[in-house]
Amino acid sequence: MNPPRSHQPSTGEAPWPSLPLAEWQATHDTLHMWMQIVGKTRLALAPRQNHWWHVPLYLTSRGLTTTPMPYGLRTLQVEFDFVDHRLVLETSDGASRSTPLRPQAVAEFYREYQGLLSELGVTVKVWPVPVEVEHPIPFAEDRTHASYEPAHAHRFFRMLSHADRVLKRFAGRFLGKSSPVHFFWGAFDLALTRFSGRRAPERDESEWWVLREANSHEEISLGFWPGSGVVPEPAFYAYARPEPPGLADSAISPAGAYYERELSDFILPYEAVRGASFPDAAVLEFYQRAYDGAATLARWDRAALDRPPAEWP
């Protein structure tokens with residue numbers, strides 16, 4: 001079986017763009033807040049699903065979208081377009097509004113977004129404070145985050161597109177319950193989660209109730225994020241919750257992959273993938289090795305859950 005080759009861009013740019021976190025930190029932080037504002041709209045309007053699957057955004061050919069959200073007898077969809085750099089709002093009755101993505105404070109973006117919703121006849125009540133960040137600033141008061149560099153946003157989108165493609169290939173190797181490939185605007189990561197079918201041990205009541213629901217069943221999650229904290233660079237990741245004993249010491253590949261003990265995650269730096277002869281194959285190898293180790297140690301019923309390698313997409 002030949003290793004999958006990376007798709008080539010049509011613009012003559014490097015197939016896998018470089019975007020160190022430090023290079024675009026200001027745009028990253030501002031965009032994170034903007035996405036939380038739009039993401040909270042989906043949280044408010046979309047019917048609830050297990051493990052918070054009604055909350056994330058999804059990759060499109062131009063950026064990230066909420067997908068259609070019910071609002072009375074209509075639907076509303078909001079998309080970040082990182083090709084033409086616009087925020088686009090559309091309803092199922094043909095109405096639309098848009099605004100350029102440009103340097104502006106979170107407070108201004110929030111006010112403008114609320115105005116566009118109002119013009120479409122949409123009223124949404126959300127908790128107007130970001131989550132999963134240190135020192136959260138209410139959206140209406142945030143004038144700290146006000147950066148937007150289009151080239152950085154577009155490169156980030158291209159990185160997500162690569163990760164989305166590879167995760168969807170990997171998803172086809174599993175026959176059990178699995179999440180969609182989706183983008184969580186709180187943690188700012190693209191994720192795919194597999195489940196054994198068994199409930200996880202009861203969580204500590206002191207744990208954040210959001211995590212108790214997210215981790216209610218045994219899972220192995222894989223994904224990509226632009227970096228934060230102890231991993232200050234873009235990276236692919238994999239983890240098991242609850243983590244089976246011995247996983248931290250199990251073998252992982254390809255070269256450059258490692259186990260980050262503070263996060264309890266396997267990490268494959270994005271730059272290691274960029275330098276590989278076949279980047280897609282490197283990421284698939286990383287996901288497969290991490291899954292193999294975790295599923296075996298956790299005694300998942302792999303005969304029932306795994307598609308045979310000869311049938312892998």
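Helices (H or I, at least four residues) and strands (E, at least two) are DSSP runs, numbered from the N terminus. With that in hand, take one residue. Thr91 lies in strand S5.

Before I go on, a word on the model. It is a predicted model: local features need pLDDT of at least 70, side-chain atom pairs count only at pLDDT 80 or more, and totals for chains, interfaces and linings use all residues. Residues are numbered from 1 along each chain as its sequence is written, and side-chain values use heavy atoms, with hydrogens and water left out.

Back to Thr91. Is Thr91 buried or exposed? Thr91 is buried, because its relative accessible area is 9%. Buried means under 20% relative accessible area, exposed means over 50%, and partly exposed is in between (1.4 Å probe, protein chains only). Leave out residues up to four places away in sequence, and Thr91 touches Arg74, Thr75, Leu76 and Leu120. Contact here means heavy atoms within 4.5 Å. Now look across the model. Thr91 and Asp306 are 215 residues apart along the chain, and their C-alpha atoms are separated by 40 Å.

Next, the whole chain. The protein chain has seven helices and 12 strands. Its C-alpha trace spans about 55 × 50 × 40 Å along the principal axes. What radius of gyration would a compact globule of 313 residues have? It would be near 20 Å, and the protein chain has 20 Å, so the two agree. That radius is taken over C-alpha atoms, and the globule rule is 2.2 Å times the number of residues to the power 0.38.

How much of the chain is buried? Buried residues make up 50% of the 313. Now take contacts between residues at least 6 apart in sequence: 62% of them join residues at least 24 apart. The accessible surface comes to about 14,200 Å², and 53% of that belongs to carbon and sulfur atoms. Those areas come from the Shrake-Rupley method with a 1.4 Å probe; for residues, only the protein chains shown count as cover.

On to charge. The chain has 31 positive and 38 negative charges, and their mean positions are 5 Å apart. Lys and Arg count as positive, Asp and Glu as negative; His and the chain ends are not counted. Each charge is placed at NZ of Lys, CZ of Arg, CG of Asp or CD of Glu.

Start with H1. H1 has 21 residues and reaches 30 Å from its first C-alpha to its last, close to the 30 Å expected at 1.5 Å a residue. The expected span is 1.5 Å times one less than the number of residues. H1 is mostly covered: 16 of its 21 residues are buried. His32 sits in helix H1. At 8% relative accessibility, His32 counts as buried. Beyond four places in sequence, His32 touches Val133, Trp185, Gly186 and Phe188.

Then H2. The 14 residues of H2 should span 20 Å at 1.5 Å a residue, and its end C-alpha atoms are 20 Å apart, so that agrees too. Which residues of H2 are buried? Among them are Phe109, Tyr110, Tyr113 and Leu117. What do the buried residues of H2 pack against? They pack against helix H1 (25-45), S4, S5 and strand S6 (96-100). After H2 comes Gly121, with a positive phi near 75 degrees.

Last, H6, residues 279-297. Of its 19 residues, 14 are buried, and H6 is mostly covered. Arg299 follows H6, and its phi is positive, near 60 degrees.

Finally, some backbone details. Most residues other than glycine have a negative phi, and most peptide bonds are trans. His85 has a positive phi near 55 degrees. His85 is in the loop between strand S4 (74-81) and strand S5 (86-91). His135 also has a positive phi, about 55 degrees. His135 is in the loop between helix H2 (106-119) and helix H3 (150-171). Which is buried, and which is exposed? His85 counts as buried because its relative accessibility is 15%. His135 counts as exposed because its value is 69%.

Arg241 to Pro242 is cis, with omega near -10 degrees. Ser253 to Pro254 is cis, with omega near 10 degrees. Pro242 is in the loop between strand S10 (235-241) and strand S11 (258-260). Pro254 lies in the loop between S10 and S11.
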